[in-house]
Amino acid sequence: MGLTGGLACGKTFVAQALSDLGCHVLQADQLGHEVLLPGGEAYAPVVREFGSGILGESGEIDRRALAAQVFEKPERLALLNSFVHPPVMRREEEWLVRVAAEDPRGIAIVEAAILIETGSYKRFDKLIVAACGVEQQVQRSIKRDGASREEVLARISRQMPLAEKRKFADFVIETSGTKEETVRQARAVYESLRRMEQP
């Protein structure tokens, strides 16, 4: 299964709720961090292309410095993604194979921000979209990331609109309400997925 949503829409909270219910959950963002670490598959090509100015004192890639180089430069972002996405997808596939072998009746979920945009969602049986209102996205992102309202709105404007993402969803979990309501919806999705797994 795939799990996606917009900026600060509660994807990670939903992923945790599904994990608590017994699903196997993998965060693609974590894999993105790993492939950019020294020795990771994307480290050398990214440093070669974007220069040593993106490196911190320890030799690790400074993600903020790297982000600044691709900000509002679609062709540079596409180039970065061409280094990062293939090894991330390879690691996802290896994980999915491992989960299937270890827990054949288990539910495996990959949480990723741009599953739809990259076409990756087609690899999954079902797609779950976490969604909330734009104002909630703004407030949550300001609180979580310390970003300004303008910065958050700029980031949201560069993402696929949530209304568009909903069209691809097999399940939509609305995260606008209380955490308890979100958990209740996650449980309902989990129970639906469990029923699908029945012979």
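**Briefing: cores, a helix contact and a ring pair**

Phenylalanine 50 touches Leu66, Gln69, Val70, Arg76, Leu80 and Phe83, leaving aside residues up to four places away in sequence; contact means heavy atoms within 4.5 Å. The model is predicted, so local features need pLDDT of at least 70 and side-chain atom pairs pLDDT 80 or more, while totals for chains, interfaces and linings use all residues. Numbering starts from 1 along each chain as its sequence is written, and side-chain values use heavy atoms, without hydrogens or water.

**Nonpolar cores**
- The largest nonpolar core has 28 residues, of which Val46, Phe50, Ile61 and Leu66 touch the most other members.
- A core here is a set of buried (under 20% relative accessible area, 1.4 Å probe, protein chains only) Ala, Val, Leu, Ile, Met, Phe, Trp, Tyr and Cys residues joined through side-chain atoms within 4.5 Å.
- Elements giving two or more residues to this core include α2 (28-35), α3 (43-50) and β4 (127-131).
- Helix α5 gives the most, with six residues.
- A second, separate core of 17 residues includes Val14, Cys23, Ile128 and Phe171.

**Helices α4 and α5**
- The axes of α4 (residues 63-70) and α5 (residues 74-102) come within 7 Å and cross at roughly 130°.
- Leu66, Gln69 and Val70 of α4 meet Arg76, Leu77 and Leu80 of α5.

**Aromatic pair**
- The count comes to one aromatic pair, with ring centres within 6.5 Å as the cut-off.
- Tyrosine 121 and phenylalanine 168 have ring centres 5.1 Å apart and planes at 75°, so the pair is edge-to-face (over 60 degrees; under 30 is stacked, the rest tilted).
- These two residues lie 47 residues apart in the chain.

Terms used:
Axes are lines fitted to C-alpha atoms, for helices over the stretch in contact, and angles run from 0 to 180 degrees between N-to-C directions. Helices (H or I, at least four residues) and strands (E, at least two) are DSSP runs, numbered from the N terminus. Buried means under 20% relative accessible area, exposed over 50%, partly exposed in between (1.4 Å probe, protein chains only). Rings of Phe, Tyr and Trp (its six-membered ring) pair if their centres lie within 6.5 Å; planes under 30 degrees apart count as stacked, over 60 as edge-to-face and the rest as tilted.
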